[in-house]
Each structure stands twice: as C-alpha cells, then as structure tokens.
Amino acid sequence: MNEFSTIATWLQATGPYGLVAVLGWAFWRINEKKDAALRELFDQVAEMGRAQTEAVTKVEAALVALKDAIEDLHDKAA
C-alpha cells in the first residue's frame, strides 16, 4: 500500500501535469509492446514469403525440366 500512497502523493504534488505524464508513459509502453509484436509478425510474414518464393521457383524449374523431358521423348519417338 505504501507504493500507492507514494504515487498518490506525487500526483497531488504535480497536479494535472503529473497525470498527463503518467498517461503518456502508459501510452508509450503500450505502443512499444504493440510495435514489437508487429515487428515480429512482419519478420514471420517476410520469412514465409521468402519460403514461398523459393518453393514456387523450384516448382517452375521442375515443370520446365518435365516439359523438356517430354519434348525429348517426343523427338526420340518421331
């Protein structure tokens, strides 16, 4: 309870500016946590995009190789 009385005394001494400072600090802390979460989400999405791009590139290469193999078979059969 001593902590709350210290805060109450500080708020009484600082008046409305103290309340503004406390609310500003709380807002800053909330935004800091939100920004960290958004950064983590962005990193995960970017990694998923890189993995998807790599997979699409490999599939395209495999399809080109398959097309070439089929053309070679047709050329040999003809």
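Glu54 counts as partly exposed because its relative accessible area is 47% (buried is under 20%, exposed over 50%, partly exposed in between; 1.4 Å probe, protein chains only). This is a predicted model, in which local features need pLDDT of at least 70 and side-chain atom pairs pLDDT 80 or more, while totals for chains, interfaces and linings use all residues. Residues are numbered from 1 along each chain as its sequence is written, and side-chain values use heavy atoms, without hydrogens and water.

**View 1. Lys58 pairs with Glu54 in a salt bridge.** Their closest N and O atoms are 3.2 Å apart (a salt bridge is a side-chain nitrogen of Lys or Arg within 4 Å of a carboxyl oxygen of Asp or Glu). Both residues lie in helix α2, four residues apart (helices are DSSP runs of H or I, at least four residues, numbered from the N terminus). Lys58 is exposed, at 55% relative accessibility.

**View 2. Arg29 and Glu32 form a salt bridge.** The closest N and O atoms are 2.9 Å apart. Arg29, at 32% relative accessibility, is partly exposed, and Glu32, at 33%, is also partly exposed.

**View 3. Glu47 and Arg50 form a salt bridge.** Here the closest N and O atoms are 3.1 Å apart. About one helical turn separates the two because they are three residues apart in helix α2.

**View 4. Leu63 belongs to helix α2.** At 52% relative accessibility, Leu63 is exposed.
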